[in-house]
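Let's take a walk through a protein chain together. Keep the picture open while you read, and find each piece as it comes up.

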Amino acid sequence: MSFSQEEITLLNKHVSDIEKNIYVIYNLPPEVIAVLFGYVSRNPLSFRENLLKLIKGKELNIGRLIDAFGNQGFDYSEAKEKARQFHERWIIGYGHSSVAEHAVASIAIEDVSILATKVIEDNRLASYTEKSTRYQIFDKSRYYKPKKIMDSSHGKLFEKTCNHFFDNYNEIIPKMIEFVKEKYPRTKDMDENFYESISKARACDITRYILPAATLTNLAMTANARAIEHAITKLLSHPLDEMRDIGKLMKEEVLKIIPTLVKYADYNPYIDGTNKAMEELTKNVMKFNRIVENKPVTLVEFDPDADDKLVTALLYRYSKYPYSQIKSLVKKMSQKEKEKVIDEFLKRMGKHDMPMRELEHINYTFDIMIDYGAFRDIQRHRICTQTNQELTVEHGFDIPQEIIEAGFENKFKECMKMAVGAFNEISKEFPKEAQYVVPLAFRKSTLFTWDLRELHHFIKLRSSMEGHESYRKIAQQVFDEIEKVHPFLARYIRVDKSSGPAR
Ligand SMILES: Cc1cc2nc3c(=O)[nH]c(=O)nc-3n(C[C@H](O)[C@H](O)[C@H](O)COP(=O)(O)OP(=O)(O)OC[C@H]3O[C@@H](n4cnc5c(N)ncnc54)[C@H](O)[C@@H]3O)c2cc1C
């Protein structure tokens, strides 16, 4: 999009670059940045375009707010130089790194692949808002083309395959809207506009399975300088060109507003070297000749002593005795007495309350195999440890029931067959780049270690009727697994067991 001179003058006050697809948004009241970044979920415009709309629009009177915030006429150059000296001495010189957390940047990231958003969001000490696959229809044939593939004999195959996905996605969407309207007619109490938008959202939820990981999307990221430095380091040490390009651009742009604290972010031979060596070692250690079929949700590790551990931690908090002394007392308590302690701690929780911290002492590890589309959503929960396997076609794909009912099963399966063929062909030469051709329908494995407190939040939010059916099933199954091993601890988790399309 090209801007007028007047618009460029306006934008230059608030964005670190006028053309690049990664830039920092600054010099705005914090709540205006939050509005702007919130828009990315449902609005297809770029952050710059939305910012202009916000400034010019009368709706929120944000233009005046920005004027009041930005036009104070102070010259900060001397202060900036003093700050640089301070940071060089204390953070870089002495390693007092936590100070860097007080410098924050809001980064607009546009036209990067879905694959890249997941790599960026793997940095959990940051805040993100991403273009929704539920509320937005993705533009025809807008996908990332990895140079290595495009310059090789696989270029045509890659393009043909991705174009085929987008042709089908764009063809199916309007028909799917009609289909879901027939299947879920408007109820008398439902507003017509709401019904239109929910029908479109349902159709997008179903059709998104065809989109490839190469699909271009937008992402808003806010993080402190310490977390950004680490994120850039990881990006610059990544095996894929796109991630390294993003890391380079992110560094260039963030340096414009945080000139000292991210300047040493660089390629890290430890990260890159270790990943390469571990991949090689793993290949040699794994002597399997087939992948054993896995369930979507498998609880692989949990603490059989969890009830006692939690009761001990709770009593510890409100007493002055050592943990081991309390634990020996808890061991002698009856089940009923232990349950009373846990009851007392959890029974007052209101609808919007989260349990207090002590639940974090109880951990569960789940091996989750889920379609990549749903993985995208679950990955966003940051209070946990996630270990990702790369995207592949080897675990097969999921097919939404509505695709079958609406008569698109053959088209869908043909797309998936094409994906398998292209992936297998491209991965012979470019195993990492081949991930881009994989549609969101394919299953991906991730190991999640969650604590019981985060599981309360995750299960409540992700089993609710507002969510995508695919991850709702996962949240429900995660709950079932906890209930099997720790029925009493599961009692206070709010789970919605209903099924059906998102509300
Ligand atoms: C129906 C639905 C639609 C959604 N649509 C979109 C969408 O269009 N686009 C999109 O990008 N996301 C979307 N999301 C994802 C959502 O916004 C969250 O990012 C995601 O669910 C992770 O949950 P969480 O933010 O509560 O935090 P978690 O990472 O699970 O953390 C748990 C809790 O810890 C606290 N916490 C964690 N990190 C921070 C932090 N940095 N600062 C302050 N508190 C923190 C919060 O209290 C948080 O609730 C959607 C989610 C749902 C359920």
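## Before we start

What you see is a predicted model, where local features need pLDDT of at least 70, side-chain atom pairs count only at pLDDT 80 or more, and totals for chains, interfaces and linings use all residues. Residues are numbered from 1 along each chain as its sequence is written.

## The whole chain

The chain holds 21 helices and 8 strands. Both kinds of element are DSSP runs, numbered from the N terminus: helices are H or I with at least four residues, and strands are E with at least two. The radius of gyration is 25 Å, close to the 23 Å that the globule rule gives for 503 residues, so the chain is as compact as a globular protein of that length. (That radius is taken over C-alpha atoms, and the globule rule is 2.2 Å times the number of residues to the power 0.38.) Along its principal axes, the C-alpha trace spans about 75 × 65 × 60 Å.

How much of the chain counts as buried? The share is 36% of the 503 residues. A residue is called buried if 20 or more other C-beta atoms lie within 10 Å of its own, exposed if 12 or fewer do, and partly exposed in between, with the C-beta atoms placed from the backbone.

Look for an open sheet of 4 strands in the order β1-β2-β4-β3, with antiparallel pairing. Its edge strands are β1 (22–25) and β3 (127–130), each of which pairs on one side only. From one strand to the next, the twist averages 20°. That angle is between axes, which are lines fitted to C-alpha atoms (for helices, over the stretch in contact), and angles run from 0 to 180 degrees between N-to-C directions. Two strands count as a pair if DSSP finds at least two bridges between them.

Now zoom in on β1. Both of its faces are covered: I22 and V24 on one side, and Y23 and I25 on the other, are all buried. Y23 stands opposite A108 in β2. Further along the sheet, S106 has T222 in β4 as its bridge partner.

## The other sheet: β5 to β8

A further open sheet of 4 strands, again with antiparallel pairing, has the order β5-β6-β8-β7. Here β5 and β7 (384–388) are the edge strands, each pairing on one side only. The twist averages 20° from one strand to the next.

You can follow the contacts across this sheet residue by residue. T298 stands opposite D367 in β6, and D367 stands opposite L447 in β8. C384 stands opposite W450, also in β8.

| Strand pair | Sense | Bridges |
|---|---|---|
| β1 and β2 | antiparallel | 4 bridges |
| β2 (104–113) and β4 (216–224) | antiparallel | 8 bridges |
| β5 (297–302) and β6 (363–371) | antiparallel | 5 bridges |
| β6 and β8 (443–451) | antiparallel | 9 bridges |
| β7 and β8 | antiparallel | 5 bridges |

Start with Y364, which sits in strand β6. Is Y364 buried or exposed? Y364 is buried, because 24 other C-beta atoms lie within 10 Å. Y364 and L455 are 91 residues apart in sequence, and their C-alpha atoms are 9.1 Å apart in space.

Next comes N27, in the loop between β1 and α2 (30–39). Its phi is near 60°, a positive value in a residue other than glycine. N27 is partly exposed, with 15 other C-beta atoms within 10 Å.

D111 also has a positive phi without being glycine, near 55°. This one lies in strand β2. With 14 other C-beta atoms within 10 Å, D111 is partly exposed.

## Around the ligand

Which residues come nearest to the ligand? Of the 15 residues around it, they are S41, E130, S132, H381 and R382. To be near, a residue needs its C-beta atom, placed from the backbone, within 6 Å of the molecule or strand in question.

β3 gives the most to this shell, with 4 residues. Both β3 and α19 (452–462) supply at least two residues each. At least three residues come from each of domain 1 (5–134 + 216–274) and domain 3 (299–388 + 443–490); the domain bounds come from an automatic or database domain assignment.

By class, the shell has 3 nonpolar, 7 polar and 5 charged residues. Ala, Val, Leu, Ile, Met, Phe, Trp, Tyr, Cys and Pro count as nonpolar, Asp, Glu, Lys and Arg as charged, and the others, Gly among them, as polar.
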